[in-house]
Amino acid sequence: RGYMGMIVKHIDFDNEAVRENVCADGTFDDVTCDGRMLNPGHAIEASWFLKEYAKKSGANATINGMNYDELTRKIFEWSFKTGWD
């Protein structure tokens, strides 16, 4: 369960992206290359982890107004808009 929180921390809802790096305080760094780095393949993999977690644990929490199924679909869509690695 703790790992799911770590994944969710990387979701940038404002920019519809999953960031590779997050600052220690949980904010996103838009100034440096490392802060702006996106890896669509990792984001898709993270959405799969979230989906499997929800399926196996029966989790039905909402994150930013979306259940796990909606969230994982959005991450997948955002990643394909971003590109492929």
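This briefing walks through a cavity, a helix, a nonpolar core and a few single residues. The model is predicted, so local features need pLDDT of at least 70 and side-chain atom pairs count only at pLDDT 80 or more, while totals for chains, interfaces and linings use all residues. Residues are numbered from 1 along each chain as its sequence is written, and side-chain values use heavy atoms, with hydrogens and water left out. Helices (DSSP runs of H or I, at least four residues) and strands (runs of E, at least two) are numbered from the N terminus.

**The cavity**

- Rolling a probe the size of a water molecule over the atoms shows where empty space is left.
- Here a cavity is a set of points, on a 1 Å grid over the protein atoms alone, where a 1.4 Å probe fits but cannot get out. Grid points are joined across faces, edges and corners, and a volume is the space filled by probe spheres set on the points.
- The count is one cavity of 30 Å³ or more, and the largest cavity holds about 50 Å³ of space.
- Its lining (residues with an atom within 4 Å of a point) is made up of A17, V18, L38, N39, P40, A43, W78, S79 and T82.
- At least two lining residues come from each of β2 (17–18), α3 (40–57) and α4 (68–82). With three residues, α4 gives the most.
- By residue type, the lining has six nonpolar, three polar and no charged residues. In this sorting, Ala, Val, Leu, Ile, Met, Phe, Trp, Tyr, Cys and Pro are nonpolar, Asp, Glu, Lys and Arg are charged, and the others, Gly among them, are polar.

**Helix α3**

- α3 has 18 residues and spans 25 Å from its first C-alpha to its last, close to the expected 26 Å. That expected span is 1.5 Å times one less than the number of residues.
- The buried residues of α3 are P40, G41, A43, I44, A46, S47, L50, Y53 and A54. Buried means under 20% relative accessible area, exposed means over 50%, and partly exposed lies in between (1.4 Å probe, protein chains only).
- The cover over these buried residues includes α1 (2–9), β2 and α4. Contact means heavy atoms within 4.5 Å.
- Just after α3, G58 takes a positive phi of about 75°.

**The largest nonpolar core**

- A nonpolar core is a set of buried Ala, Val, Leu, Ile, Met, Phe, Trp, Tyr and Cys residues joined through side-chain atoms within 4.5 Å.
- The largest one has 15 residues, and I11, L50, Y68, L71 and I75 have the most contacts inside it.
- α1, α3 and α4 each supply at least two residues of this core, and the largest share, five residues, comes from α3.
- Leaving out residues up to four places away in sequence, L71 touches I11, F13, L50, I63 and M66.

**Buried residues and their contacts**

- S47 sits in helix α3 and counts as buried because its relative accessible area is 5%. Neighbours within four places in sequence aside, S47 is in contact with T72, I75 and F76.
- T72 belongs to helix α4 and is buried too, at 5% relative accessibility. Not counting residues up to four places away in sequence, T72 touches S47, L50 and K51.
- V18, in strand β2, is buried at 13% relative accessibility. With residues up to four places away in sequence left out, V18 touches H10, I11, L38, A43 and I75.
- N39 lies in the loop between α2 (33–36) and α3 and is buried, with a relative accessible area of 17%. N39 and V18 are 21 residues apart in sequence, with 7.8 Å between their C-alpha atoms.

- Most residues other than glycine have a negative phi.
- E16 is not a glycine, yet has a positive phi of about 50°. E16 is in the loop between β1 (11–12) and β2, and is partly exposed at 37% relative accessible area.
- N64, also not a glycine, has a positive phi of about 55°. N64 is in the loop between β3 (62–63) and β4 (66–67), and counts as exposed because its relative accessible area is 54%.

Conventions:
On a 1 Å grid over the protein atoms alone, a cavity is a set of points where a 1.4 Å probe fits but cannot get out, and a pocket is an open set with protein on both sides within 12 Å along at least five of seven lines; lining residues have an atom within 4 Å of a point.
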